[in-house]
Amino acid sequence: SNGGTVSTAGSITFTTNAVSDGDGQTPQYYFRVATGSDGESGQFVCNSGWQTSTSYVCDPGIGTFYWHVYTYDGINTTGPNYTWSFNKVLATQSALSISSSVTATFPAAVATLTSSGGSGSGAVTYALTSAGTAGCSVSGTTVSYTNAGTCTVTATKAADSSYNAIS
């Protein structure tokens with residue numbers, strides 16, 4: 001894309017149209033992704049080297065990047081004719097669910113919290129949203145309560161290098 005936003009975890013596939021070579025040699029392609037607006041300056045984050053494939057896969061990380069492709073027909077190197085830009089942002093995690101490892105019934109005073117879902121490697125933490133009628137408190141993965149009733153606990157999975165945080 002040019003000027004678009006990419007929200008994905010991991011790699012991106014860059015693709016160019018195939019070129020033809022009048023003398024029958026196999027064309028080669030060289031993909032370059034950099035932080036400079038000309039695709040040549042700044043930090044080079046991905047370089048394919050010369051290859052016969054019209055696609056190249058790399059993970060440039062998070063940020064604004066510029067990419068282009070050189071072609072080589074066995075005699076001449078051409079390009080880049082265009083430089084494209086994109087902004088890669090953190091992806092959205094899948095849904096996160098919270099549960100208790102036991103069905104806690106008063107007068108038992110504690111229950112262990114667990115979660116499932118989310119994406120990536122971020123740590124899961126639990127926070128008391130409302131003490132409610134049960135008079136709850138949360139410490140680590142344990143919810144304690146002083147009365148029969150309800151309370152509200154929120155699970156949050158932290159962001160990592162690919163995903164935003166989710167609650």
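Cys 46 and Cys 58 form a disulfide (a pair of cysteine sulfur atoms within 2.5 Å), with 2.2 Å between their sulfur atoms. The model is predicted; local features need pLDDT of at least 70, side-chain atom pairs count only at pLDDT 80 or more, and totals for chains, interfaces and linings use all residues. Residues are numbered from 1 along each chain as its sequence is written, and side-chain values use heavy atoms, with hydrogens and water left out.

The link of Cys 46 and Cys 58 is right-handed, with 95° about the S-S bond. Distant parts of the chain are linked by this pair: Cys 46 belongs to strand β4 (residues 44–47) and Cys 58 to strand β5 (residues 55–58), twelve residues apart. Strands here are DSSP runs of E of at least two residues, helices are runs of H or I of at least four, and both are numbered from the N terminus. Both Cys 46 and Cys 58 are buried; buried means under 20% relative accessible area, exposed over 50%, and partly exposed in between, with a 1.4 Å probe and protein chains only.

The count of disulfides comes to two. A disulfide also joins Cys 136 to Cys 151, at an S to S distance of 2.1 Å. The torsion about the S-S bond of Cys 136 and Cys 151 is about -80°, so this disulfide is left-handed. Cys 136 lies in the loop between β11 (124–130) and β12 (137–139), and Cys 151 in the loop between β13 (142–144) and β14 (152–157), so the pair ties together parts that are 15 residues apart in sequence. Cys 136 is buried, at a relative accessible area of 7%, whereas Cys 151 counts as partly exposed because its relative accessibility is 28%. With bonded cysteines counted along the chain, the disulfide pattern is 1-2, 3-4.

The chain contains 14 strands and zero helices. Its C-alpha trace spans about 85 × 25 × 20 Å along the principal axes. Buried residues make up 31% of the 167 residues. The chain exposes about 9,000 Å², of which carbon and sulfur atoms supply 49%; accessible areas come from the Shrake-Rupley method with a 1.4 Å probe, and for residues only the protein chains shown count as cover. Of the contacts (heavy atoms within 4.5 Å) with a separation of 6 or more, 56% are between residues 24 or more positions apart.

Gln 93 is placed in the loop between β8 (84–89) and β9 (96–100) and counts as buried, at 5% relative accessibility. The side chain of Gln 93 reaches the backbone nitrogen of Ser 119 at 2.9 Å. Apart from neighbours within four places in sequence, residues in contact with Gln 93 include Gly 118, Lys 157, Tyr 163 and Ile 166.

Tyr 66 is located in strand β6 (residues 63–72). Tyr 66 and Gly 36 are 30 residues apart in sequence, and their C-alpha atoms are 6.7 Å apart in space. Beyond neighbours within four places in sequence, the contacts of Tyr 66 include Arg 32, Val 33, Gly 36, Thr 83 and Trp 84.

Methods:
Polar contact = N/O pair within 3.5 Å; in protein donor to acceptor, adjacent residues only side chain to side chain.
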